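Me: I would like to learn how to read a ligand site and a nonpolar core. Where do we begin?

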Amino acid sequence: MQDQIRILKQQALNDLQQVDNTESLPGWFRDYLGKKGAVTALLKQLGTVAAEERPQVGKAINDLKTELQDSFDSLQERLRQQKMEKEIASDSIDVTLPGRPFPTGHLHLTTQTLRKIYQIFAEMGFQVYEAPDVETDAYNFQALNIPEYHPARDMWDTFWVNKEVVLRTHTSPGQIRAMKEFGPEPIRVILPGKCYRYEQITPRSEHQFYQVEGLVLGHKIRMTDLIGVMNEFARKMYGSERKTRIRGSYFPFTEPSIEIDMDCILCAGEGCRVCKYTSWLEVAGAGMVHPVVLKNGGYDPDVWSGFAFGMGVERPAMLKHGIRDIRYFYGNNLQFLQQF
Ligand code: PHE
């Protein structure tokens, strides 16, 4: 038996020496180490060996098996290496080529715009305060000085969840929430978020859109503070040369109320299609917080004063990038989104 082992070893190693490519490896493995290979056959004969010799013979066969497996493994590794080197030499793979770029996503234009707005207001000491999208009638309207019978409700076409609950039509209810959470202490917050209105969807209006609300409360806060903040914002957002103007307006929750415009970012006052030849673009609705609203938020109007503003997010981005249709913002069209 020991002779048989020696001969088989010699033969196997000789044969292995003849193997010079990876394709011939499996054949050799089958012949010697496979289930029906010669080494396995030897092991099966172990039963016929005299009992006292059996441990020794068994060990010899196992040693043979290990040795052949090791030789096989190292040859296999060497041949693979050679094959790869040949392929590299024959230029079929160029391992120095840069990898294929992995497609990574990026922030939505709305998010980019929002973050820029956050940044500008952060520099002026504003915190970001988030309020819920699903609101009560009480917060969305009543606390903002818009009782049930008030004709100003017509300014907001509302999605009703039930008689008391709405999808917020503007970010202004967040004013009341912020006041109740922080008050009565000075406040300087912006309230960004999605708003919803039951409107016909057109290139200019969606039934969902973003607003950023601002609220500043303190002692002796005045209209000039509001104008200063809006000036600073317009210049940081749209360029240091921007000019602003204010017009009287009406909102039930501010008194007095104003609209803030800036000179057209495209024609700088020359008149063009974007500004409809008026030279001005709307930036925000704003005003001094109405005493009733202060009271509803838990602030004594004799002691506290402040201002609020609300502005759109998609519209200005549309103006800036020449986007003709607001529906692109919610259309998930990658060809559109990847441009920004
Ligand atoms: N909430 C108003 C709107 O949606 C905007 C606004 C906010 C006006 C705050 C004044 C003060 O039209």
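Reply: A polar contact is a pair of N or O atoms within 3.5 Å; within protein, one must be able to donate a hydrogen and the other to accept it, and residues adjacent in sequence count only if both atoms are side-chain atoms. Here a polar side-chain atom of glutamine 211 is 3.0 Å from an oxygen atom of the ligand. For serine 172, a polar side-chain atom lies 2.8 Å from a nitrogen atom of the ligand. This is a predicted model, where local features need pLDDT of at least 70, side-chain atom pairs count only at pLDDT 80 or more, and totals for chains, interfaces and linings use all residues. Residues are numbered from 1 along each chain as its sequence is written, and side-chain values use heavy atoms, leaving out hydrogens and water.

Me: Which strand gives the most to the shell around the ligand?

Reply: Strands (E, at least two residues) are DSSP runs numbered from the N terminus, as are helices (H or I, at least four). Strand 9 gives the most, with 3 residues; strand 9 spans 305–312.

Me: Which residues of the largest nonpolar core touch the most other members?

Reply: A nonpolar core is a set of buried Ala, Val, Leu, Ile, Met, Phe, Trp, Tyr and Cys residues joined through side-chain atoms within 4.5 Å. Buried means under 20% relative accessible area (1.4 Å probe, protein chains only). In this core of 34 residues, they are Phe121, Phe233, Phe309 and Met311. Helix 8 supplies the largest share, 7 residues.

Methods. Buried < 20%, exposed > 50% of the residue type's maximum accessible area, 1.4 Å probe, protein only.
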